[in-house]
Amino acid sequence: MTDILMPKATAVWLVDNTSLTFDQIADFCGLHPLEVKGIADGEVARDIRGADPIANGQLSREELDHAERDAKYRMKAQKSRHAEYLKPQKKGPKYTPVSRRQDRPDAIAWFLRNHPEVADSQIARILGTTKSTIDSVRNRSHWNSPNIKPVDPVTLGLVSQLELDEVVRKAAEKRAREDARRGAAQPEGPTLRPASETGVLEEPPPVLEEETEDAED
């Protein structure tokens, strides 16, 4: 099967514009069905614009029609005519055109709000910015803070969908490994046992004055 160039963006479009099942979309885009359900519920990829796989040459109308008629059918992707333009290329340090540099704070804000698991160093690398700029957006000390709004860096044209998906995937995997290590280091269950199990004796109840007088009589 040909890999889908923009899996999440394609899934967003298929959820919004077709009657395909979550399983069909997940199979075609290489995602988990629960992730597709999250897209449909608005919990995943909220700021990602849908990418029409028919328009970009990754899916034929005949394949889509067939899949909509048969829920068990799994669509076959075809090589996109835009593949050469969309595939990542190894280059030198990230360069952002001057005309788009003013959009970087919006992209930084988007990362901080939607993907806190992505490290500042990764954000700096993919957007061609600095850690000090990221800190200023986070702390709202940036000179243009009142006008900064979270916007998907793909929408802004700062990165490709492939680059964004790769950074988010790596960050999520690193977070999962760290969580697993922390979970293994912490003992399960309560750390303190109840007094009845530790041998601590409870103090006897106080003797009331009336009881003392009766005893003397």
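This is a predicted model: local features need pLDDT of at least 70, side-chain atom pairs count only at pLDDT 80 or more; totals for chains, interfaces and linings use all residues.

Student: Why give an angle and a distance?

Tutor: Because two packed helices are described by the angle between their axes and the distance between those axes.

Student: How do you know which residues of α7 and α8 meet?

Tutor: Contact means heavy atoms within 4.5 Å. By that test Arg104, Ala107, Ile108, Phe111 and Leu112 of α7 meet Ile123, Ile126 and Leu127 of α8. The residues of this contact comprise seven nonpolar, one charged and no polar. Arg counts as charged, so Arg104 is the charged one.

Student: What makes Ile123 in α8 count as buried?

Tutor: Buried means under 20% relative accessible area, so Ile123 falls below that cut-off. Gln122, Ala124, Ile126 and Leu127 of α8 are buried as well.

Student: Why is α1 called mostly covered?

Tutor: α1 spans residues 7-17, and eight of its eleven residues are buried. Those are Pro7, Lys8, Ala9, Thr10, Ala11, Val12, Trp13 and Leu14. Across the protein chain, buried residues make up 35% of the 217 residues.

Student: Let's go to aspartate 103. Where does aspartate 103 sit, and what is aspartate 103 in contact with?

Tutor: Aspartate 103 lies in the loop between α6 (98-101) and α7. Setting aside neighbours within four places in sequence, aspartate 103 is in contact with Leu156 and Leu158. The C-alpha atoms of aspartate 103 and valine 151 are 8.6 Å apart, though 48 residues separate the two along the chain.

Student: What share of the chain's contacts with a separation of 6 or more comes from residues 24 or more positions apart?

Tutor: They account for 66% of those contacts.

Student: And how many helices and strands does the protein chain have?

Tutor: The protein chain has 13 helices and zero strands. Its accessible surface comes to about 14,600 Å², with 50% belonging to carbon and sulfur atoms.

Note on methods. Residues are numbered from 1 along each chain as its sequence is written. Side-chain values use heavy atoms; hydrogens and water are left out. Helices (H or I, at least four residues) and strands (E, at least two) are DSSP runs, numbered from the N terminus. Buried means under 20% relative accessible area, exposed over 50%, partly exposed in between (1.4 Å probe, protein chains only). Accessible areas come from the Shrake-Rupley method with a 1.4 Å probe; for residues, only the protein chains shown count as cover.
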